[in-house]
Amino acid sequence: MSSVTPSLAFKDHAEDAIKLYVSVIKNSKIGNIMRSDGIGMPKGSVLHASFELDGREFTAMDGGPSFSFAEGISLVATCETQEELDNVWKRLSSDGGEEGRCGWLKDRFGVSWQVIPRALGEMMSHPESGNPGKLMEALLKMDKLDIATLKQAYKQR
């Protein structure tokens with residue numbers, strides 16, 4: 001085996017989703033999009049698309065009404081700053097998206113995202129340097145994550 005590539009099957013509007021994701025996530029681009037000629041799928045539907053998010057390859061398609069997404073799988077957007085986190089959160093949750101708890105949201109296409117600060121992973125990886133229990137306590141009270149509040153909670157003894 002040479003690789004494993006996530007493939008997203010949307011009910012419809014795969015191209016709109018890809019364009020949103022590529023505009024939000026740095027180091028991203030659209031590769032090829034193959035559209036239906038109207039046989040078997042509505043004309044113009046995405047039969048196959050390739051794209052990269054932060055340099056990672058994905059594929060997508062319009063699968064029809066039997067396709068939907070579940071929270072059991074999500075895309076994780078790791079942000080460096082609060083400004084970046086706020087921007088990614090706003091853009092992914094807008095126009096019909098749903099904000100969730102603990103940094104989770106669902107975009108308007110039904111895809112679940114975790115929008116998290118890099119600092120969260122760093123703090124969770126070093127329990128000896130802070131208080132991960134207080135960190136989690138603070139995190140569980142938030143929707144969109146606030147880096148300063150998480151760091152303050154982590155520093156509590």
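## A serine in helix H2

Ser93 is found in helix H2, which covers residues 82-93, where helices (H or I, at least four residues) and strands (E, at least two) are DSSP runs numbered from the N terminus. With a relative accessibility of 11%, Ser93 counts as buried, a label that means under 20% relative accessible area, while exposed means over 50% and partly exposed lies in between (1.4 Å probe, protein chains only).

The side chain of Ser93 reaches the backbone oxygen of Trp89 at 2.7 Å. Leaving aside residues up to four places away in sequence, Ser93 touches Glu98, Glu99 and Leu105, where contact means heavy atoms within 4.5 Å.

## Basis of the model

This is a predicted model, in which local features need pLDDT of at least 70 and side-chain atom pairs count only at pLDDT 80 or more, whereas totals for chains, interfaces and linings use all residues. Residues are numbered from 1 along each chain as its sequence is written, and side-chain values use heavy atoms, with hydrogens and water left out.

## The protein as a whole

The protein has five helices and eight strands, and read along the sequence they follow the pattern β-α-β-β-β-β-α-β-β-β-α-α-α. Along its principal axes the C-alpha trace spans about 65 × 35 × 25 Å.

Of the 157 residues in the protein, 40% are buried. The protein exposes about 9,200 Å², of which carbon and sulfur atoms supply 51%; accessible areas come from the Shrake-Rupley method with a 1.4 Å probe, and for residues only the protein chains shown count as cover. Among the contacts with a separation of 6 or more, 57% are between residues 24 or more positions apart.

## The open sheet of four strands

Four strands form an open sheet with mixed pairing, in the order E5-E8-E7-E6, two strands being paired if DSSP finds at least two bridges between them. Strand E5 (75-79) and strand E6 (98-99) stand at the edges, each with a single partner strand, so one side of each is left without a neighbour in the sheet.

Strand E5 runs parallel to strand E8, residues 112-117, and five bridges join the two. Within E8, Ile116 is the residue that stands opposite Thr78.

## Strands E1, E3 and E4

Strand E4 (residues 56-62) pairs in the parallel sense with strand E1 (residues 7-10) over four bridges, and Asp62 in E4 stands opposite Phe10. Strand E3 (residues 46-53) is joined to E4 by five bridges and runs antiparallel to it, with Glu52 opposite Glu57 in E4.

The hairpin of E3 and E4 has two residues between the strands, and there Asp54 takes a positive phi near 50°.

## A loop proline and a surface patch

Pro65 is found in the loop between E4 and E5, and this proline is exposed, with a relative accessible area of 80%. Although Pro65 and Lys43 are 22 residues apart in sequence, their C-alpha atoms are 16 Å apart in space.

Elsewhere, Met124, Met136 and Leu140 form a nonpolar patch on the surface, with about 250 Å² of accessible area together. Patches are made of residues with over 30% relative accessible area and no salt bridge, like charges being joined within 9 Å and nonpolar side chains (Val, Leu, Ile, Met, Phe, Trp, Tyr) within 5 Å; a salt bridge is a side-chain nitrogen of Lys or Arg within 4 Å of a carboxyl oxygen of Asp or Glu. Leu140 has its place in the loop between helix H4 (132-139) and helix H5 (147-155).

Note on methods:
Polar contact = N/O pair within 3.5 Å; in protein donor to acceptor, adjacent residues only side chain to side chain.
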